[in-house]
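Please read this report with the sequence and the 3D view side by side, and look up each part in the view as it is named.

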2 protein chains.
Amino acid sequence: MDVAALLTSAGINIAITVILLSLYSILRKQPSNLNVYFTRRLASRRTKRKGSCCFERFVPSPSWILKAWETTEDEILALAGMDAVVFLKIIVFSIRIFCIASVVCLFLVLPVNYYGKQMIHKQIPSESLEVFSIANVREGSEWLWSHCFALYIISCAACALLYFEYKSVTKMRLEHITGSLRSPNYFTVLVRGIPLASEESYSDSVGKYFMNYYASSYLAHQMVYRSGTVQKLMSDAEKMYRVLMNVTEQPKLISCRLCCGAPNSFKMLSNEVEVDSVKGNTRYGDLDRDIREKESAAAFVFFKTRYAAIVAAEVLQSANPMLWVTDLAPEPHDVLWSNLWIPYRQLWIRKITILLASIAFMFVFLAPVTLVQGLTHLDQLSNAFPFLRGILKQKFINRLITGYLPSVVLMLFLYTVPPTMMLFSKVEGPISRSGRKKSACIKVLYFTIWNVFFVNVLSGSIIGQLSVFTVRQIPRKLAEAVPLQAGFFMTYVLTSGWASLSCEIVQPVALIWNFMKKFIIRMKEDTSDCTLSFPYHTEVPKLLLFGLIGFICAILAPLILPLLLIYFVLAYLVYRNQIINVYITKYESGGRMWPIVHNTTIFSVVMMQIIALGVFGLKRSPIASGFTIPLLIGTLLFNEYCRQRFSPAFQKVAAEIVVDMDRQDERNGTMEEIYQELMSAYCQLKLTKLISKDSNKSTDVSHHEVRDCIRDPEALKQELELVK
Amino acid sequence: MDVAALLTSAGINIAITVILLSLYSILRKQPSNLNVYFTRRLASRRTKRKGSCCFERFVPSPSWILKAWETTEDEILALAGMDAVVFLKIIVFSIRIFCIASVVCLFLVLPVNYYGKQMIHKQIPSESLEVFSIANVREGSEWLWSHCFALYIISCAACALLYFEYKSVTKMRLEHITGSLRSPNYFTVLVRGIPLASEESYSDSVGKYFMNYYASSYLAHQMVYRSGTVQKLMSDAEKMYRVLMNVTEQPKLISCRLCCGAPNSFKMLSNEVEVDSVKGNTRYGDLDRDIREKESAAAFVFFKTRYAAIVAAEVLQSANPMLWVTDLAPEPHDVLWSNLWIPYRQLWIRKITILLASIAFMFVFLAPVTLVQGLTHLDQLSNAFPFLRGILKQKFINRLITGYLPSVVLMLFLYTVPPTMMLFSKVEGPISRSGRKKSACIKVLYFTIWNVFFVNVLSGSIIGQLSVFTVRQIPRKLAEAVPLQAGFFMTYVLTSGWASLSCEIVQPVALIWNFMKKFIIRMKEDTSDCTLSFPYHTEVPKLLLFGLIGFICAILAPLILPLLLIYFVLAYLVYRNQIINVYITKYESGGRMWPIVHNTTIFSVVMMQIIALGVFGLKRSPIASGFTIPLLIGTLLFNEYCRQRFSPAFQKVAAEIVVDMDRQDERNGTMEEIYQELMSAYCQLKLTKLISKDSNKSTDVSHHEVRDCIRDPEALKQELELVK
């Protein structure tokens, strides 16, 4: 690929991006698109919608960029929660590190590459891209020290930035925990693997067990019911409700009994009702037995203090580790109810199955990747299909196919990956939505790095080559392959990067759906449809992949860095806009994805160093190789230190913190209130009933949150003022 | 190697073994050798030693075998603790599984191998050993189903036996915990990484922290002092003691203050003393400051209940995971005082360094292994050194060198490994002696498997071959190499196995040292010298290595199985005898080595299956290969299940159990007593002082235990009756 082909590709993509962004700035002003682009702020706007049709509405304007730029981190934290801030931190980190890398590589490494060999340079547009890469430096050149120096600067800067980011994210997470005084999840433990006793129901076992071992801190518990049977239960309960209404006129009883089956919670009911139900109504007993049969071996157990809950969650309960398995409960909206009833002893086998399935999926995916590879090597293609030779000889088509088509094909195939991985993660059996998303994120990440990076670099025929490869050859192989693939990576940044950002902001699918709904199907307006939560599982791997490409190409083919920088700046604006306007925050993982980001970045840095080692070997520069090895060891030690220092805070909650929180509550006297809220916080029926309405749609919708928004117009107003 | 060479080797080893065992049965009857062979029972015997010189003393007798055989498992449990029983379980498991394997392989696989090819068999003594191995089965033979069948039987039997053993060891561990009501370690937590406050001493920080967060359950604490400074402290304390004696005549003060510097423990001192010390004595303040300066950032913290201690040990204390790191304390005799003062933040880097050092050591060791390899391939040796050709042509010398010398050389080199690994494990910084031994055990195990098995099998030149190897070729390579090396493994079992067992029971080093001491140096009798604790870190890897060899050769070269069975039966008798008579139990790890044994055995079974897969591939039997793959997957799943089901019980103590123990104590009203004992249980000075006397001797001696023995003649009497 030469510079002209790259410029063609860049031209197409810049045009597409500019058109789409302008389109967005017009479309967002149309009132009919409000529930595509402003779902977060929708509820209040609906009332004061103006029908006016002024000229301004059809002129592109950069106002959204200004708004996205001006919003501060604190405002985003208040608006969209910690996960969004951590997500933006990935972009900020990338911008910072690639700024440093750009300065070093463009002013030091690029000239060295370009003048690396004694040759007469052509006109720049027809110059091959390889001239700008390290492939142009002659063997044994003394100028390789500049590459080694750049490597040191980039590695050290990356480690330093990573350290400070990890530190600040950890601090933010602690503040997030101490700030969420009202969250019921710190009082609650999810117990799974409740043993089956022949005479008692699960509920009785749980009550007995915790009354026995946690007598001083146990508050109440609430069983989890088997999924699928919930609807039936609901209808049963409704029938029974009507019957009871006639007898006792005490409607509160059933829902309460259903949700909080603990002995303690019974005490909250008035005595009259219990007497009534025992005395008069035999059908009530039927319902009770029915409910008991539907109980699964899992329950939420509430404790009087956060400390007690954390102790119960972290200590091994039973001598048989498959029984009485305790975990700190997720937030109420984060609970993945349909997974809770899965027997705990099934989980390990589910995990292994999914692991194998993911690996199989990764290898099956090699087919389209090989296809893509074929397109970049046009000569092979025209040999295989001679009838194409005529078309391929045309210069523009040739440029289009080598410069643009491969990454489009790859991108289209890649769109099928996140839903598949999400499904895999669901089957794995996590207890929370954020856990499912995190698991899917890791899978997509491995998948992307394997399929986009390694398979592309190692020439598509990795399976055939496995038999020739050895560990020692890997740096050398990579060093040979990466500079040759630099052209592909540049077009990948342009297509998959720039264009996908424009797609993200225009939201074509939602736009078309909205249009169809309004003008073709003429559905009644139902705003709740489009409230999506942020797709971290697709966006985080995307950013990290570009980071990996950037690190690896930095000293080998520095021309990619400006393209990447533009991508990250654009991403910063687009994602900020989307976070502020489109996606709603349903649940928080408290920055749990940062360790993934950290580890992947370290992996990228180490890959950069290993490939540099291979390159210095190829170029016969033992001094540069010798200097790279301590850097590699230093990076790995740094990673290990960070793992020791920071990562436990992302897995467990420290006792210190919760004890202080408990004391604060006691001082304020808010404990009783919290207990009251706790009792109704986790309610399987309410949520499932709401969700079940839309269960056939793929988006995981929580109407609940939207309605909360509606209920609190004051907060919404503040929010609107912030983002205006 | 032919059968005759094997028989030569077997003959030499049987002769050596019989001679040494007879020698032992005579030597053990000599009164002068009592402190070599009966160190465990020494203390009481010394008083009633008879000098009579009857004829019986010089006749070999099998009485020790009978005694070793008759002792029951319960007696050994009472006598030598759970670790010894678990160690014997390894041998029992091996005997059981290799009995099954022998029956299957000798009656089914061996005839198939022997008549595998249409050939005229020679006389058995001059028959090559390869005729008995799978190498003699022709390609595409239908009789390979017998090998596959044997594989299934052995794998299934191994898994079933492993499951029941794991279950019974887990049960035993739980009983061990519930049975040790008096152990102070379940009340105690070792805190490391105490943060340095500018104004307070470490001791004050610890007191304040635990009074703050564990007010209801905190009892007292005791600082750990920096190693090396302890002696100086002792002398200071003694000086001060003399001064104080003159002033207050209260000698108890210093030792108490030194050991238990907690605010709570101050209360135990009488008020008079405190007043005295504050009023009259300025030098006392000096001592106090001096002690404070010597405090390290570690402390033992005592709790009122076991449950509280376990909670404190398992919960993450601080938001900074490098501060206030808590672990359940080891038993008092198990504490490795010299490692406690190591700053916690150093540990991770120590671990990495030691890991790298161990790997380096493993590769450096390739030199002697290559030498050994040279001896088994005599033709190469005689080509390299032509002057040896004359000697090597002699038949007996040839047999001796191919059949005997290689494993002797290897064995001699291997003797340097355990001390090195023990040193490595010490530097790594474990807090307990049992932890150090466990860590050394794992290192020796990896080392042995790598150097004895893989390097030998893969022809010594592994480094040269690394560049040709790939993952897919491994089964094939192993399948080619293992049958060829079967002869070496047989001689290895004979020399390293049988002969080393005889060495173990005769204890030549201790015997010679004892002789020298008595008749040459004429030292006064000091019995405490020879009290060794059982060297699990050398013996467990040895047994597991033989297990690995057994599994791998079982279906390939079944002739090894009877030799192995004899080895294991002999080992059973010898180790029982040694456990009963020689080694004393200073500390218990509570069967923590069983997970290592389990994992290694699973590894051996999986290796057996992988090699079988390779062999079936070589022999072109796709059906047999096809049947092996599900077996392999099944074995791995079984291992994963065991890991889920059993291994957490070896890492943590379940809350259920300790709560029940606490309640039992409360019911019996023994808590106060336990608290009293607790205060003096962990005493750095007492133990170090005792040990420092002998610190220049390599054996880790605990006089303490020996004296305890002397103090309790009743217990000793019972013990003696048991083993008579």
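## Overview of chain A

Chain A contains 35 helices and 4 strands, where helices (H or I, at least four residues) and strands (E, at least two) are DSSP runs, numbered from the N terminus. This is a predicted model, in which local features need pLDDT of at least 70 and side-chain atom pairs count only at pLDDT 80 or more, while totals for chains, interfaces and linings use all residues. Residues are numbered from 1 along each chain as its sequence is written, and chains are lettered from A and ligands numbered from 1 in the order in which they are written.

Of the 724 residues of chain A, 42% count as buried; a residue is called buried if 20 or more other C-beta atoms lie within 10 Å of its own, exposed if 12 or fewer, and partly exposed in between, with the C-beta atoms placed from the backbone. When contacts in chain A between residues at least 6 apart in sequence are considered, 84% of them join residues at least 24 apart. Two residues are in contact here if their C-beta atoms, placed from the backbone, lie within 7 Å.

## The sheet of chain A

In chain A, 4 strands form an open sheet in the order β2-β3-β1-β4, and their pairing is antiparallel. The edge strands are β2 (218–225) and β4 (325–328) of chain A, each of which pairs on one side only. Two strands are said to pair if DSSP finds at least two bridges between them. On average, neighbouring strands of this sheet are turned by 25° against each other, direction ignored; axes are lines fitted to C-alpha atoms, for helices over the stretch in contact, and angles run from 0 to 180 degrees between N-to-C directions.

Strand β2(A) pairs with strand β3 (residues 295–303) of chain A in the antiparallel sense over 6 bridges. Within this pairing, Tyr218(A) stands opposite Phe303(A) in β3(A), and His221(A) stands opposite Val301(A) in β3(A). Why is β2(A) largely enclosed by the rest of the structure? Because 8 of the 8 residues of β2(A) are buried. Helix α13 (residues 306–314) of chain A lies across β1 (188–192), β3 and β4 of chain A, and runs at about 135° to β4(A).

## Helix α31 of chain A

Helix α31 (residues 655–668) of chain A has 14 residues and reaches 20 Å from its first C-alpha to its last, which is close to the 20 Å expected at 1.5 Å a residue; the expected span is 1.5 Å times one less than the number of residues in the helix. After α31(A) comes Gly669(A), whose phi is positive, near 65°.

Which residues in α31(A) are buried? They are Ala655(A), Glu656(A), Ile657(A), Val658(A) and Met661(A). What covers the buried residues of α31(A) includes α6 (144–179) and α13 of chain A, together with α8 (202–213) of chain B.

## Where the two chains touch

The contact takes 30 residues from chain B and 30 residues from chain A. On the side of chain B that touches chain A, at least two residues each are supplied by α14 (306–314), α16 (344–364), α30 (622–645), α31 (648–651) and α32 (655–668) of chain B. Among the contributors, α32(B) gives the most to this side, with 4 residues.

By class, the side of chain B that touches chain A has 19 nonpolar, 5 polar and 6 charged residues. In this scheme Ala, Val, Leu, Ile, Met, Phe, Trp, Tyr, Cys and Pro count as nonpolar, Asp, Glu, Lys and Arg as charged, and the others, Gly among them, as polar.

## Helix pairs in chain B

The axes of helix α25 (residues 474–506) and helix α29 (residues 594–618) of chain B come within 7 Å and cross at roughly 85°. α25(B) and α29(B) are therefore roughly perpendicular to each other; angles under 35 degrees count as roughly parallel, over 145 as roughly antiparallel, 65 to 115 as roughly perpendicular and the rest as oblique. By class, the contact of α25(B) with α29(B) has 9 nonpolar, 2 polar and 2 charged residues.

The axes of helix α5 (residues 73–80) and helix α6 (residues 82–114) of chain B come within 7 Å and cross at roughly 135°. α5(B) and α6(B) are therefore oblique to each other. Glu73(B), Ile76(B), Leu77(B) and Ala80(B) in α5(B) meet Met82(B), Ala84(B), Val85(B) and Leu88(B) in α6(B).
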